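Trainee: I would like to learn how to read strands, helices and cores in a model. Where do we start?

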Amino acid sequence: MYYFHWIVGTTLALAWFSRIVDAALGMPKVADISRQEWDRDPVSADGNPCVSIIVPARNEEESIEQALTQLLALDYDNYEVIAVNDRSTDRTGEIMERVAKNPHPLTKSARRVGHPHPHPSLERLRVIHHQELPSGWLGKTHAMWTAANQASGDWLLFTDADVMFKPDSLRRALVYAEAERADHLVLFPRMIMKRAGEYMTIAFFQTMFVFGHRPWKVADPKSRDHMGVGAFNLIRRRVYDSIGTYEALRMEVLDDMKLGKVVKNAGFAQRNVFGEDLISIRWAQGAMGVVNNLTKNFFAVLSFQWWRTLISAFGLAFLNLMPFVGVLLAHGWARLPYAVALLSIFLIYMGMSTRSAVRPYYFLLHPASTLLFVYTLLRSMFLTLWNDGIVWRGTKYHLAELRKGMV
């Protein structure tokens, strides 16, 4: 048993310690566009490029007015907003039309010297209403594809209907994208958390995200690491067209990440950046809200394969629970590698606390979060197989179609 603990503990210590070292060296390379150096106007060969902001929405009456109002108050002077009412059964479409007819004027905080009066035709909001969904499409991907077909921008910004934008968010992102000659830019949102369960589960999710996806490697054309975030996917129009548009992702549940994947695989320049609270989102309410949001996605992450899901559930439990269990069960120096693994996990929480509201002491709830995520993973598999598909925003998508449409 003594040697068993040394083997298991050393494996865990190497896994966690190597990742924390990699993150410590790599994370400083990821730019933060909220810094003063990015507070300027974008410069490109074509002047200020036009941006088309695309907002798909289905039953978002609680957030859509604030989201659109904030988008109409951006301090950039060359953009349009295209909102898609995707078969909503609530007041989403009505609210969109009201905002389009009576757009809020720019707030004082949004006005900048040199750009006091953006062109009114570019500030106007266009609304598209979908009454039916064609076969072979997810509602969201169809909404974004439809809007992009009508967009006039040199850049397309795909975002969600519950994302809140600060006035300078788009301008700073464009400054960085043009300076770096990026083809696809992801801006990480500030997660708004109000309950202990949200802090606990989102902290765990972000820990696993850092472990599984290396943001600092996205800019490296030799790496396979890629990124996509539904809150802020900014892509050049010519690149979007060249990868096959959203038609190539029409049945992708994970459309945001898969957009990043196809862009990276096609050899285009991809970047991701931090931005403090330039954009923010209340992703879920309570721990079970996180569970419900991820239930739709987790089985899709594993390509809808049950055997991969079971292996992943075991791996998730082993990687995250065994450091805690081992340090209690092992004796003497055999506890050392488990302690190294625990210290590495704690340092990830420390790192998260510098960029989010998550405090390092949520590390103590890491085992509870692990069990909850293992449950979510198995729940996602069971419900998808039991229902022969997923139900997303009131629409049933059959498993065979989802598997067939995967990128």
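Mentor: With pairing: two strands pair if DSSP finds at least two bridges between them. Strands (E, at least two residues) and helices (H or I, at least four) are DSSP runs, numbered from the N terminus. This is a predicted model, in which local features need pLDDT of at least 70 and side-chain atom pairs count only at pLDDT 80 or more, while totals for chains, interfaces and linings use all residues. Residues are numbered from 1 along each chain as its sequence is written, and side-chain values use heavy atoms, with hydrogens and water left out.

Trainee: What is the bridge partner of M164 in β10?

Mentor: M164 is bridged to S280. Strand β10 (residues 279-281) and β5 pair in the antiparallel sense, over three bridges.

Trainee: In which order do the strands of that open sheet lie?

Mentor: The order is β5-β10-β7, three strands with mixed pairing. β5 (163-165) and β7 (190-191) each have a single partner strand, so one side of each lacks a neighbour in the sheet.

Trainee: Which strands stand at the edges of the seven-stranded sheet?

Mentor: That open sheet runs β3-β2-β1-β4-β8-β6-β9, again with mixed pairing. Its edges are β3 (125-130) and β9 (270-273); each has a single partner strand, so one side of each is left without a neighbour in the sheet. From one strand to the next, the twist averages 20°. Within this sheet, β6 (residues 184-187) and β8 (residues 233-236) pair in the antiparallel sense over three bridges, and V186 has N233 as its bridge partner in β8.

Trainee: How do I read a helix pair?

Mentor: Two packed helices are described by the angle between their axes and the distance between the axes. Axes are lines fitted to C-alpha atoms, for helices over the stretch in contact, and angles run from 0 to 180 degrees between N-to-C directions. Here α1 (residues 2-26) and α7 (residues 196-212) pack at about 85°, with axes 10 Å apart. That makes the two helices roughly perpendicular, a label for angles of 65 to 115 degrees. Contact means heavy atoms within 4.5 Å; A15, W16, R19 and A23 of α1 meet T207, M208, V210, F211 and G212 of α7.

Trainee: And a nonpolar core?

Mentor: It is a set of buried Ala, Val, Leu, Ile, Met, Phe, Trp, Tyr and Cys residues joined through side-chain atoms within 4.5 Å; buried means under 20% relative accessible area (1.4 Å probe, protein chains only). The largest has 93 residues, and V51, I53, L68, V81, L170, L234 and Y349 touch the most other members. A second, separate core of 20 residues includes V84, A148, A151 and I243.

Key. Buried < 20%, exposed > 50% of the residue type's maximum accessible area, 1.4 Å probe, protein only. Parallel < 35°, antiparallel > 145°, perpendicular 65-115°, else oblique.
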